[in-house]
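Please look through the sequence and the structure shown here before reading on.

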Amino acid sequence: MSLSLADWLAAQSVDPALISGLASMAASCAEIAVVLRNAPLAGQTGLAGHTNVQGEAQKALDVISNDIVLNHLRANPQISILISEEMHEAVHFENQGRFIVATDPLDGSSNLDVNVTVGTIFSILDAKGGILQPGSAQLAAGYAAYGPATSLVLTLGKGVGVFTLDEAGTFRLTTDTVSVPEASSEFAINTARERFWDEATRGYVAENIAGETGAAGKRYNMRWVGSMVADIHRILMRGGIFLYPLDSETLAKGGRLRLLYEANPMAMLIEAAGGRSTTGRQRILDLMPSAIHQRVPVILGSADEVKRVEDWYSRAG
């Protein structure tokens, strides 16, 4: 039988306190997986009737998933602060533990009612560094993908481990040799937003669409799930590039995706597997956050493809 998550972490000589924090996030994800599996039968689908801090309509399962994570982390003496997409302010726990957790408890929840893969994204930081730290300071990052199987994908900075939830509720190692191919022929972007794109994004996508007849010199396929976890999971497993660039509609907000609990953990995972991340002009993990819900442009995936996008931004000035 393959290693459990706990045994795998112990074999990495990970700080026991950090193992405890990761175990709480894994337990949260395992519980969310069960809730999602039974949600249609329990009548837990649909809207919750209010909005989150982003002004987005919350699904009932957004609220339930947030409560699950909140309850697990509150019970862990190693966790002092929780930052969640679903809460306006950071939650400071009474235990004053060593770690901060930043999370999107249920990414892609607009897909819930059509039974498409959604996920939980999380990042763990040392509380001594304060709430606002660059992604390069992350101690661990990961996500759970709730699809045909529930996968937990985790990095401690070097390498990426993938674990599958078994029938007993234990995450077991599937592989810890994940490597994002340097080159790829798949790209993921919401082309319905083309009218808002900047010159660099428009030029890069046009080259891909031109295929072997254009400057890229090869044929591309486009993929777009509308769930960041689903798109990034595909890229980690077989390569590709994910783009949610800054555009004319998101310019005033700084971008679409949140730095602390979406961009940073996904960038850490992609880079730990040999990929590359950027806003187009700067490495995501080097960004110094200014607010807990700060938005940024996100471009990450196969190194050669990300470099092509960076070249387009460099030429655009």
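The sections below go from the basis of the model to the chain as a whole and then to its salt bridges.

## Basis of the model

This is a predicted model, in which local features need pLDDT of at least 70 and side-chain atom pairs count only at pLDDT 80 or more, whereas totals for chains, interfaces and linings use all residues. Residues are numbered from 1 along each chain as its sequence is written, and side-chain values use heavy atoms, with hydrogens and water left out.

## The chain as a whole

The chain holds seven helices and 17 strands, where helices (H or I, at least four residues) and strands (E, at least two) are DSSP runs numbered from the N terminus. Its radius of gyration, taken over C-alpha atoms, is 19 Å, close to the 20 Å that the globule rule (2.2 Å times the number of residues to the power 0.38) gives for 317 residues, so the chain is as compact as a globular protein of that length. Along its principal axes, the C-alpha trace spans about 55 × 45 × 40 Å.

Of the 317 residues, 56% count as buried, a term that means under 20% relative accessible area, while exposed means over 50% and partly exposed lies in between (1.4 Å probe, protein chains only). Among contacts (heavy atoms within 4.5 Å) with a separation of 6 or more, 63% come from residues 24 or more positions apart.

## Salt bridges

A search of the whole structure finds 18 salt bridges, each being a side-chain nitrogen of Lys or Arg within 4 Å of a carboxyl oxygen of Asp or Glu. One of them joins the side chains of R223 and E186, at 3.8 Å from N to O. R223 lies in the loop between β12 (221–222) and α5 (228–238) and E186 in strand β11 (residues 186–188), so this pair ties together parts that are 37 residues apart in sequence. R223 is partly exposed at 31% relative accessibility, whereas E186 is buried at 13%.

Two further pairs can be set side by side. E262 and R258 form a salt bridge with their closest N and O atoms 3.0 Å apart, and E262 is buried at 2% relative accessibility, as R258 is at 2%. Salt bridges that share partners also join E186, R223, D231, R234 and R238 into one network. In the other pair, the side chains of E212 and R219 meet at 2.6 Å, N to O; here E212 is partly exposed, with a relative accessible area of 41%, and R219 is exposed at 59%.
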